[in-house]
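The sequence and structure are shown first.

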Amino acid sequence: MTTFHLDLGDGRTEALGSVTKLTLVGTPVDIDTYAVGDFKSPVPLWGSVVLTRGEQRHPATTRWAEDVENTDTHQDIVLIADGRRIRLADAYASTTYHLDEDDDPDAFAISFTDITTDK
């Protein structure tokens with residue numbers, strides 16, 4: 001199982017509990033397979049992914065995820081997976097999930113306009 005971190009830039013990183021439900025252009029894709037593959041596309045691969053947060057939560061991630069569907073929060077983000085950097089272009093939190101009584105979201109879906117991998 002791959003360990004993932006979310007990087008919002010400017011030192012705002014957070015270890016993730018899991019990354020699931022990656023969908024590219026409407027097709028489900030296994031995130032672990034994508035992370036270790038050498039995928040390239042001549043056109044943007046838009047899609048979405050669900051991030052489940054770990055125990056240590058960065059306040060910047062909470063603020064960004066809670067601003068669901070706000071077009072001002074669109075930004076490029078990076079998922080770091082075992083030395084690889086998966087870039088999600090023009091990403092934003094499209095849905096949040098609260099699994100307990102506290103205020104911060106426990107998981108959130110991210111929508112994006114393209115995905116690329118740096119080795």
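## A question of burial

Does Asp 106 count as buried or exposed, and what is its relative accessibility? In this predicted model, Asp 106 has a relative accessibility of 5% and therefore counts as buried, the limit for that class being under 20%. The side chain of Asp 106 meets that of Arg 57 in a salt bridge, with 3.1 Å from N to O. Asp 106 belongs to the loop between β6 and β7 and Arg 57 to the loop between β4 and α2, so this pair ties together parts that are 49 residues apart in sequence. Arg 57 has a relative accessible area of 26% and is partly exposed.

## Strand pairing around β2

Strand β2 (residues 13-24) is antiparallel to strand β1 (residues 4-7), and three bridges join the two. Asp 7 has Thr 13 of β2 as its bridge partner. Five residues lie between β1 and β2 in a hairpin, and in its turn Gly 9 has a positive phi of about 95°.

Strand β2 also pairs with strand β4 (residues 47-53), in the antiparallel sense and over six bridges. Here the bridge partner of Thr 23 is Ser 48 in β4. Thr 23 also stands opposite Pro 28 in β3. Strand β3 (residues 27-28) runs antiparallel to β2 and is joined to it by two bridges. These two strands form a hairpin with two residues between them, and Val 25 in the turn has a positive phi of about 50°.

## The nonpolar core

The largest nonpolar core holds 26 residues; those touching the most other members are Leu 51, Leu 79, Ile 86, Leu 88, Ile 110, Phe 112 and Ile 115. Two or more residues of this core come from each of β1, β2, α1 (31-36), β4, α2 (59-66), β5 (75-81), β6 (84-97) and β7 (107-112).

The surroundings of Leu 79 can be listed in detail. With neighbours within four places in sequence left aside, Leu 79 is in contact with Phe 4, His 5, Leu 6, Leu 16, Val 19, Leu 51, Arg 84, Arg 85, Ile 86 and Leu 88.

## Aromatic pairs

The whole structure contains two aromatic pairs. Tyr 34 and Phe 39 form a stacked pair, at 5.1 Å centre to centre and with 5° between the planes. Tyr 34 counts as buried at 2% relative accessibility, whereas Phe 39, with a relative accessible area of 40%, is partly exposed.

The ring centres of Trp 64 and Phe 108 are 6.3 Å apart and the planes stand at 80°, so this pair is edge-to-face. Trp 64 in helix α2 and Phe 108 in strand β7 are 44 residues apart, and their pair links distant parts of the chain. Both Trp 64 and Phe 108 are buried.

## Salt bridges

Side chains of opposite charge can pair when their charged atoms come close. Five salt bridges are found in the whole structure. One of them joins the side chains of Arg 53 and Glu 14, at 2.8 Å from N to O. Because Arg 53 lies in strand β4 and Glu 14 in strand β2, the pair ties together parts that are 39 residues apart in sequence. Both Arg 53 and Glu 14 are buried.

A further salt bridge is formed by the side chains of Asp 38 and Lys 40, at 3.2 Å from N to O. Lys 40 is exposed, its relative accessible area being 70%.

Methods. Residues numbered from 1 in each chain as written. Heavy atoms only, no water. Pairing = 2+ DSSP bridges. Helix = DSSP H or I, 4+ residues; strand = E, 2+ residues; numbered from the N terminus. Core = buried A, V, L, I, M, F, W, Y, C linked by side-chain atoms within 4.5 Å. Buried < 20%, exposed > 50% of the residue type's maximum accessible area, 1.4 Å probe, protein only. Contact = heavy atoms within 4.5 Å. Phe/Tyr/Trp six-rings, centres within 6.5 Å; stacked < 30°, edge-to-face > 60°. Salt bridge = Lys/Arg side-chain N within 4 Å of Asp/Glu carboxyl O.
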